[in-house]
Amino acid sequence: MASKEFTRGATQILFRHLPEAIFEHDDYGLCKVTQVALREVEVNKDALFDAVADALAMWPPAFATKYPDPRDPAQRGHYTVGAPREVRFTPYPQVFRCRTCSRAGQFTQLIKRGASVTGRCVCGGRLNQLRYVQAHNCGRMEEIFVPPQACAHHPNDLAFYDPGRVKQARWYCAMCRADLQALRMTPCKCAYNQSLPPGRQPEKFLRVVPTADPSLYVPHPVAFINFPEDAQGRLRAAPDALQLMLARTWDMMTDKVHDVVQERANRVKPEDADTMAQMVEALRKVDPTNKLVQDYDAKKKQPKGQAEVDRVNQLLAAAKAQVEPPRRWLVEHTTLLDRTDLSTPADVAAMLRRAGDEAGAADIEQGQRNAEELLGIANIRVINDFPLALCAYGYTRTTRDPQRTVINPFPMDDRGQLPIYALANETEALWFQLDPLRVFRWLLDNGLAGGSPPSTREEAWARLYAEVPGLRQAAHEPMHGQTEAVAVRTLLHTLSHLFLRRIEWSGFAPSSVGEYLIPASLSFILYANRYAETKIGGLTTLFEQRLNTWLWDAVQSGHECVYDPLCSDDGGSCAGCTHREHNCVSFNRELSRATVYGGPTPQQSAFEGHALPRGYWHDAWKAAPEA
Amino acid sequence: MRVGERLSSPEELFWATSLLGPGGERLLWDALLESLCLGPEGKLLARPLADFLCAVWDEQLEAAVALMWTLPELLAVPGVDATGYAKGVRALIRGASERLTLLAPYLEVEGMGQLQGELLAALARGLSVVLVTQDANSLGSWASDAVEPLRREARGLSGSLRVYTTLATAPVLLHSKLVVADGASAVLGSANLTGNALLRNLETGVVVGARQAVEIERVIHAAIELGLVRLVFETAAGEQGWD
């Protein structure tokens with residue numbers, strides 16, 4: 001209806017102003033959102049629909065029937081995805097009550113009974129919207145039931161007694177004060193009620209709720225990592241995709257895999273090859289030693305990335321690794337390397353030197369050396385544009401609990417599609433990658449792996465790939481529970497939590513930082529859990545200015561737990577040290593300070609009873625400066 | 001006896017006595033009639049004759065059918081591989097070159113996890129994989145949970161994965177447990193695709209040959225075509241080109 005300016009942030013719209021929500025407008029009072037116009041947003045549709053499918057799976061099947069199956073690409077046409085652009089709304093509810101005489105009714109009825117259109121009652125008092133509606137667990141919402149008339153003698157003088165409690169609220173006659181009725185308990189015939197046991201129960205009726213009650217409208221947003229959409233399908237189907245992506249992940253190739261794959265694909269395009277070949281052959285006749293001819297011959301002989309493909313094949317063969325199709329983790333790691341804006345300590349040191357901060361540059365270089373030599377971290381990078389997205393796919397009423405509500409999609413748009421409101425943002429993140437040589441040596445030192453130690457990082461990567469397949473398998477696959485794999489995952493996860501313990505250095509609370517683990521590439525990512533368009537820069541500043549301090553602080557504080565020695569004797573993982581209240585991707589499983597500092601491993605873990613003589617930070621702990 | 005040759009009486013098969021003993025010609029004549037190997041004019045028909053010979057061959061091999069087992073931990077039997085069932089199914093999937101059909105009423109993450117590596121490799125080889133189960137249309141069901149990791153990893157691979165489910169209202173109970181590769185061989189037995197069935201229960205299965213595999217595929221395809229099961233989703237085959 002109205003066109004008066006009323007602006008809100010996109011995140012606020014996602015939580016408070018989506019269709020069917022009631023909000024208080026600065027000028028128009030209580031209003032209900034009827035529609036939210038969309039604008040295009042760049043989100044990975046597969047990731048989005050996966051996140052929605054995961055979220056919908058929490059509801060019993062009978063409570064989520066209004067959604068076409070988001071797993072089925074053929075059904076996804078029933079949805080439309082976009083960012084909120086414009087909110088349309090209408091005044092709601094339209095039941096009014098006089099502040100002076102308590103006469104109440106639908107606005108149109110009150111007009112018929114003599115009230116003015118400007119909102120004045122027949123008594124001259126001000127008419128206000130009645131701030132109650134009735135709602136049910138199935139998502140149904142209605143204005144409260146207004147009796148058709150007051151008493152027989154004064155049919156136009158219906159009044160409402162509002163003591164602030166539903167049980168005591170009454171309809172009565174404003175003239176003769178005759179009591180008419182209490183608020184009606186409206187029954188509902190819905191899937192939710194059908195799931196309840198037979199008999200009269202309060203939950204089977206619509207509940208009268210104040211319009212400001214947060215339980216009246218509970219939007220359901222879900223967050224996901226928004227990797228670029230085209231990467232997965234194309235990369236995985238490319239020839240030699242596995243070898244190229246491994247070469248990139250193992251630091252053997254600096255070129256972007258996307259570019260290499262594209263160039264290799266173009267090279268074998270027959271039309272290009274024909275044209276190019278004709279030109280070169282023509283040139284060869286005139287000048288066989290021409291550089292262009294020689295380059296062409298060399299390129300044909302050795303396409304881009306071929307040396308790396310051959311090297312990876314050699315390494316895999318030497319390690320007797322089984323070559324298998326590339327999995328998602330590899331695509332994700334490659335995509336982060338290829339498609340995001342990364343800063344390394346060397347970049348920052350150069351930047352600081354340009355700015356004349358020699359001490360700062362030396363400090364971050366020292367931090368990098370410590371990380372590499374003592375902490376076993378091969379790479380620390382800042383991801384300046386870590387892709388994160390948030391989408392709202394529906395709402396419930398009265399509660400958030402999937403077992404007690406029916407999840408409702410937002411109303412269909414004009415084209416009959418169900419809207420999903422999404423916000424794609426880039427946030428800051430820190431990306432750690434452990435040194436494979438150190439990890440392998442750590443496995444050997446603790447008797448978790450056998451054989452001779454690898455001599456180079458490349459060899460260590462290949463050995464890990466061949467000998468610890470559980471690192472790249474999903475839960476429930478046969479090798480996922482392999483002791484070596486569990487140990488490495490536990491190490492990575494614990495390190496992630498230890499760094500988070502001291503993330504306050506960045507200005508972020510630990511609950512505002514999420515983690516993402518890629519065990520097969522020995523990586524973990526800590527990202528700012530923000531969906532606003534702005535970046536605070538806390539993690540970036542931490543990296544640029546306090547990296548060295550933060551690393552040592554993590555080493556020192558990680559060793560301690562208020563529940564020691566009980567905690568360390570029992571595996572070194574409890575609420576006093578490694579457990580996190582929020583944002584842990586695996587619900588505080590696979591954590592143990594023993595992997596980092598040595599000691600007994602947790603009970604009921606895959607390596608239970610296997611005390612680790614040497615922690616991953618054994619050397620770092622000894623070298624750490626006194627706190 | 002040649003394909004296309006006309007046979008009018010058992011006497012023309014007198015040579016069979018040297019193989020089957022006295023009365024062998026009558027035995028062979030009756031068998032040929034029963035197997036519909038003789039056409040309207042007594043012509044020996046190629047296809048029914050091939051089927052007949054295969055049947056005779058299978059009968060001879062019947063004793064050599066290999067059993068596969070899942071045995072509980074407490075039941076160790078010398079000479080019997082306690083995880084042979086899962087290994088057999090994995091080997092069958094590994095050997096497939098064109099298409100795979102799996103049918104099991106119950107799926108569960110651990111069971112599907114046992115096959116995930118092989119199924120992904122099959123999809124990467126461009127195979128068409130059909131999985132028929134029940135309850136996969138409910139997002140929160142065990143079957144959906146079990147298929148989800150495979151569906152996500154299958155995206156972008158050159159093969160396609162189609163998952164069918166029985167309808168809640170269907171009058172049939174899907175109860176077979178089958179895995180068919182290329183219509184050439186199949187595993188049939190008692191094990192669902194669950195962790196218990198493939199790792200801990202007492203389950204038995206056998207590998208059968210082309211005749212049975214073709215028949216199993218026909219039955220499953222008929223169930224699909226008749227609408228006894230419905231498609232839940234299909235992963236699109238990965239893009240091969242690079243724009």
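**Chain A, whole**

Helices are DSSP runs of H or I with at least four residues, strands are runs of E with at least two, and both are numbered from the N terminus. You are looking at a predicted model, where local features need pLDDT of at least 70, side-chain atom pairs count only at pLDDT 80 or more, and totals for chains, interfaces and linings use all residues. Residues are numbered from 1 along each chain as its sequence is written, while chains are lettered from A and ligands numbered from 1 in the order in which they are written.

Zoom out. The C-alpha atoms of chain A fill a box of roughly 105 × 75 × 60 Å along the principal axes. Chain A has a radius of gyration of 32 Å, whereas a compact globule of 627 residues would have one near 25 Å. That radius is taken over C-alpha atoms, and the globule rule is 2.2 Å times the number of residues to the power 0.38. Of the 627 residues, 43% are buried. Buried means 20 or more other C-beta atoms within 10 Å of the residue's own; exposed means 12 or fewer; partly exposed lies in between, with C-beta atoms placed from the backbone.

**Domains of chain A**

Colour three pieces: domain 1 (95-130 + 144-186 + 196-207), domain 2 (231-316) and domain 3 (435-623). These bounds come from an automatic or database domain assignment. The C-alpha centres of domain 2 and domain 3 of chain A lie 38 Å apart. Their contact takes five residues from domain 2 of chain A and six from domain 3 of chain A. Two residues are in contact if their C-beta atoms, placed from the backbone, lie within 7 Å. The domain 2 side of chain A has four nonpolar residues, one polar and no charged. Here Ala, Val, Leu, Ile, Met, Phe, Trp, Tyr, Cys and Pro count as nonpolar, Asp, Glu, Lys and Arg as charged, and the others, Gly among them, as polar.

**One loop**

Select Met175(A). It sits in the loop between strand S10 (170-173) and strand S11 (179-182) of chain A. Is Met175(A) buried or partly exposed? Met175(A) is partly exposed, because 15 other C-beta atoms lie within 10 Å. Beyond its neighbours within four places in sequence, show His154(A) and Asp157(A), which Met175(A) contacts.

**Where the chains meet**

Now show both chains. 31 residues of chain A are in contact with 29 residues of chain B. Pick helix H2 (45-56), helix H5 (231-237) and helix H7 (257-267) of chain A; these elements each give two or more residues to the side touching chain B. H5(A) gives the most, with five residues. That side of chain A divides into 16 nonpolar, four polar and eleven charged residues.

**The sheet in chain B**

Eight strands of chain B form an open, mixed sheet in the order S1-S7-S6-S5-S2-S3-S4-S8. Strands pair if DSSP finds at least two bridges between them. Strand S1 (67-70) and strand S8 (229-234) of chain B stand at the edges with a single partner each, so one side of each lacks a neighbour in the sheet. The twist averages 15° from one strand to the next.

Move to strand S2 (residues 99-103) and strand S5 (residues 178-181) of chain B, antiparallel over four bridges. Select Leu100(B); its bridge partner in S5(B) is Ala181(B).

Last stop: helix H6 (residues 142-154) of chain B. It packs on the sheet, touching strand S3 (128-134), strand S4 (160-166) and S8 of chain B, and its direction makes about 165° with that of S4(B). Axes are lines fitted to C-alpha atoms, for helices over the stretch in contact, and angles run from 0 to 180 degrees between N-to-C directions.
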